[in-house]
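Hi everyone, thanks for making time this morning. Please have a look at the sequence and the model on the screen, and then I'll walk you through a few spots.

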Amino acid sequence: MLKKNDVVRETIIDITNEGYGVIKVEGFPVFVPDSCIGEVCEIRILKVFSNYAFGKIDKLLEPSPKRITPICPLSKRCGGCSFGHIDYIEECHLKTKAALQTIRKISKIDLDTVEVLPTIPSNKEVHYRNKAQYPIGKDKEGNIKIGFYAPRSHDVVDCNFCYLQPEFFSDIVEVVKKFIEDYNISVYDEIKHMGLVRHLYIRYGEATNEVMVSLIINGRKLPHQEEFIQRLLALPISIKSIVLDYNEAKSNVILGMEYDVIYGEKVIMDILCGNEIEIAPLSFYQVNREQAERLYNVAKEFADLQGNELLIDLYCGAGTIGLSMASDVRKLIGVEIIEEAIEAAKRNASRNEYHNTEFYAGDASKLASDLAKRELHSDVIVVDPPRKGITPEVIDACVTMAPERIVYVSCNVATLARDIALLKEKGYRTTKLRFVDLFPRTVHLEAVALLTRDK
């Protein structure tokens with residue numbers, strides 16, 4: 001039986017969905033970060049559980065030709081770039097393989113009957129993110145840390161410069177850190193539920209160059225607020241909005257639902273799929289703009305619109321997916337639980353002169369059922385749910401509206417697989433599948449599935 005600090009010589013035989021290499025020691029699985037398939041390593045056992053263990057590479061004896069040197073010196077400590085040590089083309093291959101395995105295992109669908117199109121890689125491997133959420137903490141000496149959580153913990157790894165973010169984000173981080181230090185602003189402690197500043201949240205309209213800076217606080221007032229504003233405005237950056245977000249909850253949820261704009265505009269603007277889109281503090285917006293356009297183009301291609309359809313967009317957010325198709329349908333109806341997002345969707349539709357749209361705020365399960373009760377026959381339904389997927393009630397409502405096609409956009413292939421299996425039972429067959437990589441160097445991947453109603 002393996003125990004802590006044992007050293008074994010083994011070959012990495014697989015990579016998990018989380019980016020860990022896999023070895024088997026007398027059939028017992030051990031997960032090893034920062035490894036590549038085929039590598040021969042001496043591996044030190046770190047933790048042993050009943051069914052698996054974690055280890056680390058002590059000596060890399062035979063490196064893989066797919067291995068590269070990570071560009072970030074913090075890659076092993078931060079854990080955000082799980083594939084930072086692997087060639088990007090190989091990364092896309094591994095993520096696609098893992099996603100297909102997950103879908104095959106959970107859905108039980110024969111993927112030989114599905115047209116699986118080639119994964120679309122990102123043109124940018126670094127500096128592609130248009131938002132960042134930085135936890136704020138202190139080290140043992142009381143120094144301010146702003147960065148990211150270490151793997152499987154809430155320990156903040158101090159990271160002034162992240163290669164996935166635009167370079168100027170680091171300038172904002174430095175200003176905020178210096179402000180907290182200079183005025184001795186208290187930092188939030190999750191265990192004691194004490195301290196003021198919790199997170200820094202930056203959003204960026206890449207096409208417009210507009211920036212929003214939000215500070216999440218455990219309270220209702222920021223000391224020296226005007227100085228905070230002036231320090232940010234002194235940067236050579238087009239900061240259009242500065243926000244205080246109030247989160248006094250005893251939870252690890254980052255954003256509170258209430259905020260005040262303390263400088264500038266309530267929103268920043270960006271351009272996506274040719275549409276002007278406003279981004280509010282609480283709005284969902286894809287983090288990789290260029291790849292988001294490719295993702296939505298895949299969804300539009302799968303929708304196969306002819307110009308006379310009723311398109312229903314569930315979990316529509318600020319309307320970005322639906323509005324990318326609005327000029328090709330007779331009518332668009334969008335549904336979203338966040339009321340602020342629905343108001344933004346309405347403004348986005350008006351701003352881009354779409355007059356064939358309706359948007360409703362409320363729970364997707366209830367509103368989808370209400371739409372079904374109106375005996376609406378939707379030709380196409382698009383769903384882009386949160387990671388937990390769609391509820392059985394939404395599935396039932398979709399089936400009641402009897403669309404010819406359902407286009408399912410997903411950031412979680414496990415719940416996608418579960419849901420397409422449920423839809424298969426109700427007469428909707430998965431006919432096409434394509435992955436789009438919006439998140440290079442990480443384990444995440446977006447998927448688009450086309451489900452067609454059986455006649």
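Let me begin with a question: in which loop is the place of Gln-165? Gln-165 sits in the loop between strand S10 (156–158) and helix H3 (169–182). Helices here are DSSP runs of H or I with at least four residues, strands are runs of E with at least two, and both are numbered from the N terminus.

A word on the ground rules. This is a predicted model, in which local features need pLDDT of at least 70 and side-chain atom pairs count only at pLDDT 80 or more, while totals for chains, interfaces and linings use all residues. Residues are numbered from 1 along each chain as its sequence is written, and side-chain values use heavy atoms, with hydrogens and water left out.

Back to our glutamine. Is Gln-165 buried or exposed? Gln-165 counts as buried because its relative accessibility is 4%; buried means under 20% relative accessible area, exposed over 50%, and partly exposed in between, with a 1.4 Å probe and protein chains only. Leaving aside neighbours within four places in sequence, Gln-165 is in contact (heavy atoms within 4.5 Å) with His-127, Arg-129, Lys-131, Ala-132, Tyr-134 and Phe-148. Take Lys-131: it is 34 residues from Gln-165 along the chain, and their C-alpha atoms are separated by 7.4 Å.

Now follow the chain into H3. The axes of H3 and helix H4 (residues 225–233) come within 10 Å and cross at roughly 150°. Axes are lines fitted to C-alpha atoms, for helices over the stretch in contact, and angles run from 0 to 180 degrees between N-to-C directions. That angle makes H3 roughly antiparallel to H4; the cut-offs are under 35 degrees for roughly parallel, over 145 for roughly antiparallel, 65 to 115 for roughly perpendicular, and oblique for the rest. From H3, Ile-172, Val-175, Val-176, Lys-178, Phe-179 and Asp-182 make the contact, and from H4 it is Glu-227, Phe-228, Arg-231 and Leu-232. By class, the contact of H3 with H4 has six nonpolar, no polar and four charged residues. Nonpolar here covers Ala, Val, Leu, Ile, Met, Phe, Trp, Tyr, Cys and Pro, charged covers Asp, Glu, Lys and Arg, and the others, Gly among them, are polar.

Next, another pair. Helix H8 (residues 364–373) and helix H9 (residues 392–401) pack at an angle of about 20°, with their axes 8 Å apart, so H8 and H9 are roughly parallel to each other. Ala-364, Ser-365, Ala-368, Ser-369, Leu-371 and Ala-372 in H8 meet Glu-393, Val-394, Ala-397, Thr-400 and Met-401 in H9. The residues of this contact divide into seven nonpolar, three polar and one charged.

Thr-391 counts as partly exposed because its relative accessibility is 26%. Setting aside neighbours within four places in sequence, Thr-391 is in contact with Tyr-315 and Ser-365.

Finally, the whole chain. How many helices and strands are there in the chain? There are 10 helices and 23 strands. Buried residues make up 54% of the 455 residues, and the C-alpha trace spans about 65 × 60 × 35 Å along its principal axes. Of the contacts with a separation of 6 or more, 63% are between residues 24 or more positions apart.
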